[in-house]
Amino acid sequence: MSRLPFQSPPCAAVTTCGSLLQELQDLWDEIGETDLERDKMILQLEQECLSVYRRKVDQARKHKADLHQILAEGEAEVSNFISTLGERESFFRLEKPKGTLKEQVAAIKPLLVDLRQKREERIRDFMDVQFQIVHICAEIAGTIDQESSVTQVDERDLTLKRLAELKSQLNELQNDKNMRLQKVNALIKSIHELSILMSVDFNKTLSEVHPSFADMADSHSKSISNDTLARLAGIVHALNQEKNQRLQKLQDLGSTLIELWNLMDTPVDEQKRFDHVTCLISALTDTVLGQGTLALNVIEQVELEVDKLNILKASKMKELILKKQRELEEIYRNVHMDVEGDSEQKMLINLIDSGRVDLSELLAGMDGQISKAKEQALSRKDILEKVEKWTLACEEESWLDDYERDQNRYSAGRGVHKNLKRAEKARILIGKLPSLVENLIAKVKAWEKDKGVPFMYDKVRLFETLEEYTLLRQQKEEDKKRSRKRLQEQFAAEQEALFGTKPSPMRQVPVKKPLGQSSNVNMAAGTPTGRRISTPSSRHGISSSSKEKKDTAKVSAAIPVNYVALPKDSSAIFSP
């Protein structure tokens with residue numbers, strides 16, 4: 001076997017090995033070992049040294065392999081962390097460590113520590129976000145009691161992108177939760193308002209929905225599940241339905257109260273006790289907000305009052321029906337319609353006493369008759385107003401005739417100027433009589449054509465009364481013309497007897513009219529209200545001959561004593 005060259009050990013070891021070898025040589029010399037034995041021993045020493053070196057080399061190689069493995073595992077772990085954390089861009093330009101293996105391992109260790117720390121932080125972030133997501137999902141699903149406290153994180157994907165997706169999902173869930181909380185709070189508020197309005201136990205109602213509503217102070221512990229929202233919405237709907245039913249019932253009861261009060265003339269002080277009910281008759285559903293306004297005890301009180309009034313109503317129904325009959329008669333009487341009050345009242349009394357009719361239906365029928373009578377009165381209003389004007393004009397005409405026959409109407413005294421003004425107004429009013437009557441006749445015709453029945457005025461057909469009035473007026477006009485002609489002839493005869501000649505046709509003696517006499521042809525007529533039309537002369541009892549004599553005396557007295565030239569023709573004294 002070839003001998004390996006002996007390498008010099010370090011300085012301290014050279015001294016030791018050389019001294020030992022020299023000591024061994026000395027010992028062999030003293031012992032007398034042969035060269036062969038010495039070569040064997042040296043060879044054995046060399047083999048033993050080679051074995052030690054080989055063992056050390058193997059150890060060094062193993063150490064190198066371990067360092068290579070540690071470095072490879074570190075690099076793989078770094079690559080895995082970078083991939084898991086999504087930090088490739090941050091470590092994209094990371095150079096491979098240089099130097100010995102120990103230097104390379106020492107260089108990669110801080111990076112591994114940093115990446116492991118980042119990974120742990122990222123895992124905590126994922127766990128926090130996922131825990132909130134799971135918790136909110138459990139709240140929405142209504143399985144919060146079954147929620148697991150352990151949250152599993154997928155450590156294969158810890159990238160910021162995945163974390164952002166989870167945070168976005170968490171944000172959506174939080175928004176959904178907030179919206180659900182708002183809905184829950186809105187529904188609870190509606191339930192609270194309705195409970196106050198109808199005096200319903202609010203806490204009991206909510207506790208039946210979910211146990212979390214027992215503590216209303218903690219707003220974050222409220223259940224927001226679909227089932228809870230559906231139950232709350234159902235309660236709000238049910239309470240609204242109950243509210244509408246109670247409001248409708250109170251409105252009906254309030255209307256009944258007012259009807260009974262009006263029928264029975266209930267004092268105002270007693271009515272004020274139920275002002276909180278009657279004010280709801282025309283109220284809208286959303287405007288009713290008072291505390292306890294729709295409570296059951298309020299409805300019960302009103303029902304008791306209505307029952308009480310119905311009992312009184314039954315006892316006074318006869319009086320109420322007769323009162324309605326008198327009201328109906330009064331409406332007809334005010335518009336001058338025919339009404340048989342006594343006979344109708346007797347028939348009603350007999351019908352009530354017989355017990356063969358429902359008094360409520362009879363009272364309702366009376367209300368219908370009153371409504372129909374009011375409609376008829378309204379349709380007659382325009383004609384009645386014109387009849388009133390016609391009646392007033394006829395009365396003023398009658399007064400004017402009496403006034404003009406008064407010899408002392410111009411004498412000094414109290415009220416003379418008032419009579420003069422009244423006479424002037426009467427002449428203006430009388431001048432409108434023809435057109436007024438003509439217009440009234442046209443309206444009566446139109447009314448009768450529309451209604452298909454004659455227009456009766458105090459049991460007399462108004463159209464016939466107007467026609468009669470028109471004929472009498474025409475007759476009076478002709479009588480007045482004849483009276484004027486006789487007066488002219490009489491005046492001419494008196495002139496001829498006094499002066500022996502007839503007035504000349506070219507010279508007319510003016511005959512002075514009584515002061516205040518209207519230039520229009522006037523006549524008096526009676527009012528149509530149940531009276532026959534009459535002329536002024538028949539009304540005041542003055543005959544035509546006496547009036548003619550009086551007028552002749554007036555004309556004769558107006559002729560002067562020394563009158564010489566008079567016209568010979570008296571036919572044109574008065575213009576037609």
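Reader: In this predicted model, with which residue does Glu165 form a salt bridge?

Author: Glu165 pairs with Arg162, and their closest N and O atoms are 3.6 Å apart. Both residues belong to helix 4, where 3 residues, about one turn of the helix, separate them.

Reader: How far apart in helix 4 are Arg180 and Asp176?

Author: They are 4 residues apart, about one helical turn. Their side chains form a salt bridge at 3.3 Å, N to O. Arg180 is buried, with a relative accessible area of 11%, while Asp176 is partly exposed at 28%.

Reader: How many salt bridges are there?

Author: The count is 22. One of them joins Arg231 to Asp227, with the closest N and O atoms 3.2 Å apart. These two are 4 residues apart in helix 6. Shared partners also link Glu329, Glu330 and Arg333 into one network.

Reader: What about the nonpolar side chains?

Author: In soluble globular proteins, nonpolar side chains tend to be buried together. Here the largest nonpolar core has 70 residues, and Leu250 is among the members that touch the most others. Helix 6 gives this core its largest share, 13 residues.

Reader: Which residues does Leu250 contact beyond its neighbours within four places in sequence?

Author: Among them are Val277, Leu280, Leu294 and Val302. A second, separate core holds 33 residues, including Trp399 and Leu433.

Technical notes
Residues are numbered from 1 along each chain as its sequence is written. This is a predicted model: local features need pLDDT of at least 70, side-chain atom pairs count only at pLDDT 80 or more; totals for chains, interfaces and linings use all residues. Side-chain values use heavy atoms; hydrogens and water are left out. A nonpolar core is a set of buried Ala, Val, Leu, Ile, Met, Phe, Trp, Tyr and Cys residues joined through side-chain atoms within 4.5 Å. Buried means under 20% relative accessible area, exposed over 50%, partly exposed in between (1.4 Å probe, protein chains only). Contact means heavy atoms within 4.5 Å. A salt bridge is a side-chain nitrogen of Lys or Arg within 4 Å of a carboxyl oxygen of Asp or Glu.
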